[in-house]
Structures are given as structure tokens and as C-alpha cells.
Amino acid sequence: MAGGKIRKDKASSRGAPSSNHYQGGISFHKSKGQHILKNPLLVDSIVQKSGIKSTDVVLEIGPGTGNLTKKLLEAGKMVVAIELDPRMVLELQRRFQGTPFSNRLKVIQGDVLKTDLPYFDICVANIPYQISSPLTFKLLNHQPSFRCAIIMFQREFAMRLVAQPGDTLYCRLSVNTQLYARVSHLLKVGKNNFRPPPKVDSSVVRIEPRKPRPQVNPKEWDGFIRICFIRKNKTLGSIFRIKNVLSMLEKNYKTLQALQQLQNGSSGSTNVEMDISGLGDSKEDQSMDLDDGTDNEMEVEDGDADGEASEFKQKVLAVLKERDYSEKRSSKLSQEEFLHLLSQFNMAGIHFS
């Protein structure tokens, strides 16, 4: 019997240090990111700010014991809840069994990052913080596109999502997310609103996918943005003089030239892969490391043995001269400027993937 097992687990933990907290006989594991919202006023506020319509299918990720789920069921047409922990799945089923909500709740047990998402109009979720970045881009990659997502993130991650050019927290995550969505901060949530309380404060963020989705090659964009943010407070002129950067770009340049020669006369067309979920796989997005302005012993290409810059380097620097990009810094560059610079590089035959 599940209840007996849970009581046994509780009893066995007495007198021993533990990160588990209990509610109604169910233990919560901090290591799995299980922090249940306990403030009913906060739950009501999140649902109200979500703008759920009576015809909406709502996706909830990590429903836990169902405190938020109940309010979502009251507001929408149907709730699809994805939960990894089988104990929580059982608790959800017990809580709503025999109620008017039972036929409007579908519970899927599994890892949301490995689950094919069903159709939904709006996503409302209090998620494990360790999956913040990959989940954000999995949602943005979902088709057909949803109306919006209202998600609880670790506060610093949330502030990076909404950061603007010139802000201290402006980074690759900010640029990548805002290319595909409008992002806004809704409210700050103190750690004491959860059981068990996390170590940091949280924030609720609204994410609205851009429609239509920008027609940018995600791999090309990712490669370009990664280079630009090697040192976000350095000038782009300095970054694109780094030997490893120039070497990689020149290799791409020569490879693409060779491929184009092979394809001459071919009538076949190449489809560009538009899957953007890979933008959220980087551990760098989930860390809170920021550019402190120091150098990492990056070797700069000053020229060849005769003191003359290579022909390819001159090609790169010529692109940067337009609009004086060589003197600009990624930390202050707008979305439009990044897109324009990438297009100029591509027009010159310089690619990043």
C-alpha cells in the first residue's frame, strides 16, 4: 500500500538529517526540485495573471499535490499535467477522483524534457529550476505555437530572461529567448511561499512566442551568438581577431565553398532545420556566471609573418566596419543589430555552423 510505504519512509527518517519535507504524508525532495506552492493568495495571483479562457487547454508541468492544478481546472476547459514522480501522480488522481474535475484532468507520468507535448493553449508551471533553460526552448520549439507560458523560475534566471542591452545580466540566454518570444516579468516570489523553501527567491515570467517565428537558422544563430558572447564586454573587433575564432570561421568558409562547387548544376534544394530546442541544452545558460571583464588568455591574430593580415581576416574585419560594429560590445547590442550583423556575415560567405 502506497500510504504505508510513505509512513515507513517518514518514520525511518526520524533523528536523521534530511532534505525531505512532508505534507499529507508525502515527502518532498529538494534534490529533485520539489518545492510546492503553499500560499493560496499567490496561487490565485498566478492564475489571474495567466489570463486563462474558459475554452483553454492548459499545460501544467510539475503539478505536485495539485494546489495550482485545482485553480487551473476552475479557470480552463482542460488541464494536461506532466509529473515525473509517481507518488505525486497517485496523489493527483486521488485528489480529483469523483469530483467534477476528474474528466477534465489528464495526468502524464514522465520526464517533460523527454515527453512529446500535446496541444495546449497556455502553459502554467512551477518547475524544477535545474531544467529551466532546456524547458524554455522546448516550449518555444513546440508547434502549433501556444498563446503564452506563465512560469516560475529562479529569480536570477528570470532576470536574465528579461534583461535588456546594457543590463548587467544581459547574456546569450536573453538574446536567444527574446529572438523567439516576448518576455516580461510578472512578480517576485519569496522563498517562504514554498514547502520546503528553496535557497533562493523566485520570479514569475510571461513568455509569448513571436508569430510568425523568425526565419533564422538556429544552428547558425547559436554559433554566431556564442562567439559574440565569448567576452560580452570586449569589442567585437577584439573578439573576431581571436586566432581560434578566425581559424574556425575560415574552416567553415572553405568547407562551404567546396560544397557549393560540388552542388553547382544540381537542382536539389536544401531544407534548413528549424528546431530551436538545442538552444537550451547548454549548461552555460543554467549557470549564473557573468563576464567579469577579465581575459582568459585569448590569443589574438595580429597578422602573418610579413605583418600583413590574412585575406580572410580582412574579409571578417570589413564586415565589422559597417555601422562601426568593430567598436561595439555584445553587452549593449540590440536584437536587430545582432540579426543585421549575422546577415552581413552570411552575405560575405562567412558562416557559423
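Two strands pair if DSSP finds at least two bridges between them.

**View 1. Strands E8 and E11 form an antiparallel pair in this predicted model.** Strand E8 covers residues 148–154 and strand E11 covers residues 202–209. Six bridges link E8 and E11. Met152 stands opposite Val204 of E11.

**View 2. An open sheet is built from seven strands.** The order of the strands is E6-E5-E4-E7-E8-E11-E9, and their pairing is mixed. Strand E6 (105–109) and strand E9 (181–189) each have a single partner strand, so one side of each has no neighbour in the sheet. From one strand to the next, the twist averages 20 degrees.

**View 3. Helix H4 lies across strands E5 and E6.** The helix consists of residues 86–96, and strand E5 of residues 78–83. H4 runs at about 165 degrees to E6.

**View 4. Phe240 belongs to the residues with the most contacts inside the largest nonpolar core.** This core has 67 residues, and Phe224, Phe338 and Phe345 are also listed for the most contacts inside it. Leaving aside neighbours within four places in sequence, the contacts of Phe240 include Phe224, Ile227, Leu249, Val316, Phe345 and Phe352. Another core, of 26 residues, lies apart from the largest one, and Val43, Phe96, Ile150 and Met152 are among its members.

**View 5. The whole chain has 13 helices and 11 strands.** Of its 353 residues, 46% are buried. Among contacts with a separation of 6 or more, 72% are between residues 24 or more positions apart. The accessible surface comes to about 18000 Å², and carbon and sulfur atoms account for 48% of this surface.

How values were computed:
Residues are numbered from 1 along each chain as its sequence is written. This is a predicted model: local features need pLDDT of at least 70, side-chain atom pairs count only at pLDDT 80 or more; totals for chains, interfaces and linings use all residues. Side-chain values use heavy atoms; hydrogens and water are left out. A nonpolar core is a set of buried Ala, Val, Leu, Ile, Met, Phe, Trp, Tyr and Cys residues joined through side-chain atoms within 4.5 Å. Buried means under 20% relative accessible area, exposed over 50%, partly exposed in between (1.4 Å probe, protein chains only). Contact means heavy atoms within 4.5 Å. Helices (H or I, at least four residues) and strands (E, at least two) are DSSP runs, numbered from the N terminus. Accessible areas come from the Shrake-Rupley method with a 1.4 Å probe; for residues, only the protein chains shown count as cover. Axes are lines fitted to C-alpha atoms, for helices over the stretch in contact, and angles run from 0 to 180 degrees between N-to-C directions.
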